[in-house]
Amino acid sequence: MKGGSFFALYIRECKKVLCSLTFLLYAAAVFAMFYTQFYLEVNGPEIEPKPGESGYGMVAREVPEILMPRATENLLWEYRSNSYVAYPIGFYKEVRLKEKDRQKMADIICEITGMTQEELNRFEGKEENDLDKSDKTSFEVGGENGIREIDNNSFVVDGTGNMGDEDPSLPEYHISESMTYERFRELMRAADDLIGGGSRYSDKYIVTNFSNVPKTYEEARKEYEQLTKEDKVTGSYARLYCDYIGVMLGILPVFVAVSLMQLDRKARMEALIYSRCASSARIIFARYMALVSVMFLPIIITAGIGQARVMGFYQGMDMDLFAFAKEALIWMLPSLMAVTAIGMVITEFASGLVAILLQGAWWFVSLFSGGLSGEIGKFSLIIRHNSLYKRDILMSLYGNFLFNRVFFTLLAVLLVMLTAVIYEEKRRGRNIGIRFFVKNRKNQPAA
Amino acid sequence: MEVEAGKYAGIKKEGVAGKVGAGQNQIRISGVNKYYGRKQALTDINLTIQQGMFGLLGRNGAGKTTLMKTLAALHKKQSGTISVCGIPIEQAKEIRGITGYLPQDFSMYPSMTVEESLDYLGILSGMDGNLRREREEMLLKRVNLTEHKTKKVRALSGGMKRRLGIAQALLHNPKVLIVDEPTAGLDPEERIRFRNLLCEVAEERIVILSTHIVGDIEATCEDIAIMNEGHILWQGTVSGLLSDAKGKVFTININKKFLAQVKKDYIVTGMLVQNEFTTVRLISDKMPTLNGAEVAEPNVEDAYMYCLYRNGCELGGGAEE
Amino acid sequence: MEFGFLLKIVKINLRHNFLPHLAAALGIALLAPVIFETSSLDAKLAAQPLEMFLCLVGAILFTPVFLPEQDENIRDLIRSKQTNYLAVCALRFLYSVFTLAAIIACFTLFMRSCESAVGLQHFFGAFASALFLGVLGFSGAGISGNVTVGYMVAMIYYIVNFTLKEKLGNFYLFSMSSGNGEGKVFLLAAALLLVVVVFEWKKVKEG
């Protein structure tokens, strides 16, 4: 059929989406998120560091001389109370080891410290020291120690609480002289495995937990240069923008998609549409494109406002005029596409409620299991980078980032095609899919 | 009743029915079976439907909707063949292009206006802008909705909604129009208007009308089929049905107190209570052994009941539950 | 209406409308100990799974109260029956309240058995948060006539609690986790007020 008619259908579908209550809620939520988390928080330019200032904040940098003793001390404490802090999927968890694993942990400590088992046992004999749990309060912290973060209202549970320096009640111990840093990290990984992953000794947390050091002027300078030169200011801010909006895009599009897909049945218009000659692929793709393009509007608008605000603070600097637009396209659009497609396919296959529940679960896990920044999994739906800095980390994972975004884009297209197939099957009266939580659905017409 | 394909110039223009062969203005159904799970919904259906009005009569649950949905390519059959104007039913896209369907229970997006709804469905039928506007205007006039075209669908009355339904089904000028129980829930005036509209429409296409209301058939259809429990019990013309029932319908005046007994022994199709006496209309193969029984001229309702009766259908409280 | 009759309505609704949602709610409750630590927690930490996770049970249970009659035809049919339609909805709401209370009570007792410092206050606080979030979903669904909107309203408010936190004042769902739970009475009162408003609104609009 003619392309003109596809366009006409697409326009009608856009209108349906625009007028839907779920879209209005979506747009309001995106604007509110943008306003409270980005617009209000970005309220001035970053200060250029000058030599001779009293301090430039802290930075997590891998310094074996600092990391090894701190991590060892913490491990001894946790071993002694047999209570290990971990964040397996982002939430605080206290792990107690069974006797067998506890023995393995003892072996690790013995190897690190060069102590014998007997010497270690003496540690255990000491009276239980009340562990100060205040630094374990999860769900609170956003920024990592010392590094200036634009905001600390974040979703991620932070694992950065440092144990205090020397604790007087801990008997003396030394790190074995023959212990190399590589071996030490290996042992830490083994300890993390015993705890079940996500502990402070994991690769993910160990540096930020035990190796925070004061930033030097050079480091602060370099960061600032990266912000202003390599990222051309707006690039940095655009990433921060995507960090916040991405959280919303991980879940909200599913509601808009579900309500559009349910509209025909709610309006008892299914049979009228089924009996027209437009192909299922045409109907589904027109709806999908309408959903994605209409839902992209609030993104483009807020990105434009964000770009203008940032540029206002850095007048006279060389800036990337299209940084926000670029990030919106390559960072935000794939998320929007994937979540919309998931909403459509599950609604068509099972029901809208199942789509909401499943997407909700995925959102929850993806959001709380990821770090605030510096981790980009190949398959994580929500990519976070809650910092104006740390460009290096992002760039070192840029391959993952691109893979991730391409993957979700392709997944989205694939799922939409699948939706069209399911739609066509239902249209021809074949009952495929599962029916949960569905009321009033007529599987068998009373004829 | 043969009409050349050339008459459907409008469809040709839309490129929807390009593959329709000339002179094949009929629907052929042979040996069709359909199951829902283990339950057999259609059993060995054989029918040929010509241009004009075709009535499908049967009680609720007889399989009418299933058959109609199958004809509209909205249901799969398990065996048998169906061709609509020469197109095998398996070619769903082509079938959808030449078929207009008005389901029993339908509505449209409540927030759209009458105009917008028609436009939307027109787009889904692949019609271009000018043709849509032209047909919309013409059909709205025909179904008497022109002055309501800016009304929201949610503000329409039941009858108006039905008329809008017919307009949408005719929008792409289909060769076949399938309407499922279109008069259910309409007031008598609306019902008559609706029937007349259907008759007009049937002058130029095949119209299949299903109903459990015998009056609809009587007023509109020449050819009919009677369905029961997924079978076709009878097919032919209305006059054929009437002549089958000739001499099998009787009237009798009885005292009220015998009414219960008569109802038990015979199939009663009508009653008129007058003081102590009741005039009863009943069906029987033989002359009833009651005093004063007279042979009556059968109407379609009687004939329909007789058909069910002759085929051994349970006729507890009459055909219309 | 006599008691036996009410009981029958409840029974039918439980069987036909409530089971899948109950299953989802129980699923969430069972997932909580997997995601969160539940043993040997102090009062503040113990509030986390209760407030931050179990409040979702409220959204699952209360949002679909109006779902069975989302279809206009069915609503009209039900409303034509002798039993007041809104009374049936109120019954559903009530048994959802009991279910929520039962789930949270069980979870609180479970945490207590794991030597976490939880008490009646935790139960009450978690219940108030879950009820409020649930009633937001219930109101969204009830007023819009669209259950999806209800879930969406609840979800957005849940997210807002992570971003605005204490700025929400008495409406902050996770106040116990940050050390004060004074707003809970307020949450409970607000939830009840909303329920009354929604029922009145339905009464006026749909008779």
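Entry 1, domains. I am working with a predicted model. I looked up the division of chain B and found domain 1 at 5-236 and domain 2 at 247-297. Between the C-alpha centres of these two domains of chain B I read 39 Å.

I asked which residues touch the most other members of the largest nonpolar core. They are A:I245, C:L54 and C:V57, in a core of 266 residues. Helix α13 of chain A (residues 323-349) gives the most to this core, namely 15 residues. I then listed the contacts of A:I245, leaving aside neighbours within four places in sequence, and got A:V30, A:M33, A:F34, A:I299 and A:M332.

I took helix α3 (residues 64-81) and helix α6 (residues 181-195), both of chain A; they pack at about 30°, and their axes are 11 Å apart. I noted the crossing of α3(A) and α6(A) as left-handed. On α3(A) the contact is made by A:P64, A:M68, A:A71 and A:L75, and on α6(A) by A:Y181, A:F184, A:M188 and A:A191. By class I have eight nonpolar residues in this contact of α3(A) with α6(A), no polar ones and no charged ones.

I found 29 residues of chain A in contact with 37 residues of chain B. On the side of chain A that touches chain B, α1 (3-18) and α11 (270-274) each supply at least two residues. The largest share of that side, five residues, comes from α1(A). By class, I recorded 16 nonpolar, six polar and seven charged residues on the side of chain A that touches chain B.

Key:
Residues are numbered from 1 along each chain as its sequence is written. Chains are lettered from A and ligands numbered from 1 in the order in which they are written. This is a predicted model: local features need pLDDT of at least 70, side-chain atom pairs count only at pLDDT 80 or more; totals for chains, interfaces and linings use all residues. Domain bounds come from an automatic or database domain assignment. A nonpolar core is a set of buried Ala, Val, Leu, Ile, Met, Phe, Trp, Tyr and Cys residues joined through C-beta atoms within 7 Å. A residue is buried if 20 or more other C-beta atoms lie within 10 Å of its own, exposed if 12 or fewer, and partly exposed in between; C-beta atoms are placed from the backbone. Helices (H or I, at least four residues) and strands (E, at least two) are DSSP runs, numbered from the N terminus. Two residues are in contact if their C-beta atoms, placed from the backbone, lie within 7 Å. Axes are lines fitted to C-alpha atoms, for helices over the stretch in contact, and angles run from 0 to 180 degrees between N-to-C directions. A crossing is left-handed if the near helix is turned anticlockwise from the far one by less than a right angle, and right-handed if clockwise. Ala, Val, Leu, Ile, Met, Phe, Trp, Tyr, Cys and Pro count as nonpolar, Asp, Glu, Lys and Arg as charged, and the others, Gly among them, as polar.
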